[in-house]
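This report goes through a protein chain part by part. Please keep the sequence and the structure in view while reading.

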Amino acid sequence: GLARPEEIAVMYRTTAQSRVLEEAFRTSEFRYRIVGGVRFYERKEVRDILAVLRLLHNPADAISLGRVIENLPIGRGFGPRAMELASEWSASNGRPLLEAFTVLAPRQAGGDGAEASPPAFAGAGRAAAQRIGTVFATLQERARTQSLSELFDSVVELTEFRRVSDESTEEELQRWANVLELRTDLERYDHLDPEAALTAYLEQVALISDADTMDEDAGGLVTLITLHSAKGLEFPVVFIAGAEEGLLPISRAVEAEPYDTMPMEEERRLFYVGITRAQRLLYITFAGSRVSYGQFREGVASRFVDSLPAEVVRSVTREVGLRAGSGRPYGRRQAGSLSARAAASWSTPMPTPAPAREPLSLPDYTSGTIVFHPKFGEGEVVEVSPRKDGDLEVAVEFRRHGRKRLMASLANMEIVR
């Protein structure tokens, strides 16, 4: 028979993957819970960025301003006494609280704030207030013309957000992935007028937060959980989402594989954890395409799926694609509700394998090519080696980070010249 919601778990490699899963559940007949973590919009790093956006939308938002000052580098040196002065100035002059800071920004000199003397900040408090004011004055100006994703980039740059992230640990890398996933979320509003887009997005987030709060104590919930948190747990039905190259295994392990196989073995162990959590049914899925850094990228099924015995693997859908170098079919999206698709899956005939997929379309990297990587910056290609799976292994000498060996299909490098 069909499983009850509380008997089902959806597992994934990175916390950032939960955003789209949470969104899918909100629009379905099923409710959910996050185990071993918090919902996407409640995560600290996401809330910190949202606090900046809320403050741009509502300069009188004292809660968001307090969060920015407490959690972001631009707030260092601004203490409780200085905040009291800012609040007193705001009340006595009838101005939004943020204006107590922007009135100190260089561009404001002789401008809108000329008729009111700035707050009597002193010492480190004044320096911090001017720093905060300068940043927000610039962001307010950009918010009038930039798309939401461009505004996000400005927020990360000007607030020095990256300084709070030490990307040497798995936890910090997951947090930064959440921040990048927030950018992907914002991109959906880029077609709107900038000011209308910010309002619409913040309204959507508020509605989501309210809906999530109502479901917190409800029963009959599907479990969303990372593979790391799933150790020791079992469920009658398990879905492993995002079983594709770059996610499971994670791209860092793929890039490190030529000189260090341990990260890849750890990824394989995580996959094993996932498949052994299922007591009765196991579904393994991957995306046909995925948005990354604002670009659609073709999904390639995980190498770990190929290692499963063929006799125990069954495709759920009629339309299938093939992983490069593999003869095994994998399902694509199918219309209908989630429950209807699940109920129908076992009555669907096994499809005839489709012809092998065309080779990967890769940039024309050659020795001497100058490239730009989102994380490592500019560098020069020094070696290009073909792989058996049709991909290319590219060795790049980066100016600031030294030599790195990257997979061409996952590196997301732009050719400069």
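In this predicted model, the side chains of R67 and D48 are joined by a polar contact of 2.7 Å. R67 belongs to helix α3, which covers residues 62-71. Leaving aside residues up to four places away in sequence, R67 touches K44, R47, D48, A51 and L72.

**Helix α2**

D48 is one of the buried residues of helix α2. This helix covers residues 44-57 and has 14 residues. From its first C-alpha to its last it reaches 20 Å, close to the 20 Å expected at 1.5 Å a residue. Is the helix enclosed or open? Ten of the 14 residues of α2 are buried, so the helix is largely enclosed by the rest of the structure. Besides D48, the buried residues include E45, V46, I49, L50 and A51. V52, L53, L55 and L56 also belong to the buried group.

**Salt bridges**

Side chains of opposite charge can pair when their charged atoms come close. In this model the count comes to 25 salt bridges.

| Salt bridge | Distance | Helix |
|---|---|---|
| E171 and R175 | 2.8 Å | α8 (residues 170-187) |
| E265 and R268 | 3.9 Å | α11 (residues 262-275) |
| E266 and R269 | 3.0 Å | α11 |

Why can such partners meet within one helix? An α-helix has 3.6 residues a turn, so residues three or four places apart point the same way. E171 and R175 are four residues apart in helix α8, and therefore about one helical turn separates them. In helix α11, E265 and R268 are three residues apart, again a separation of about one helical turn. E266 and R269 are also three residues apart in α11, with about one helical turn between them.

E171 has a relative accessible area of 49%, and R175 has one of 32%. For E265 the relative accessibility is 33%, and for R268 it is 33%. E266 is at 28% and R269 at 42%.

Strands of a sheet pair through backbone hydrogen bonds, either parallel or antiparallel. Here five strands make an open sheet with antiparallel pairing, in the order β13-β12-β11-β10-β14. The edges are β13 (402-407) and β14 (414-415); each has a single partner strand, so one side of each is left without a neighbour in the sheet. Within the sheet, strand β11 (residues 377-386) and strand β12 (residues 392-398) run antiparallel and are joined by seven bridges. P386 stands opposite L392 in β12.

**Confidence**

How confident is the predictor along the chain? The average pLDDT is 81, and 80% of the residues score at least 70. Where pLDDT is low, the predicted coordinates should not be read in detail.

Key. Residues numbered from 1 in each chain as written. Heavy atoms only, no water. Pairing = 2+ DSSP bridges. Helix = DSSP H or I, 4+ residues; strand = E, 2+ residues; numbered from the N terminus. Polar contact = N/O pair within 3.5 Å; in protein donor to acceptor, adjacent residues only side chain to side chain. Contact = heavy atoms within 4.5 Å. Expected span 1.5 Å × (residues − 1). Buried < 20%, exposed > 50% of the residue type's maximum accessible area, 1.4 Å probe, protein only. pLDDT = per-residue confidence, 0-100. Salt bridge = Lys/Arg side-chain N within 4 Å of Asp/Glu carboxyl O.
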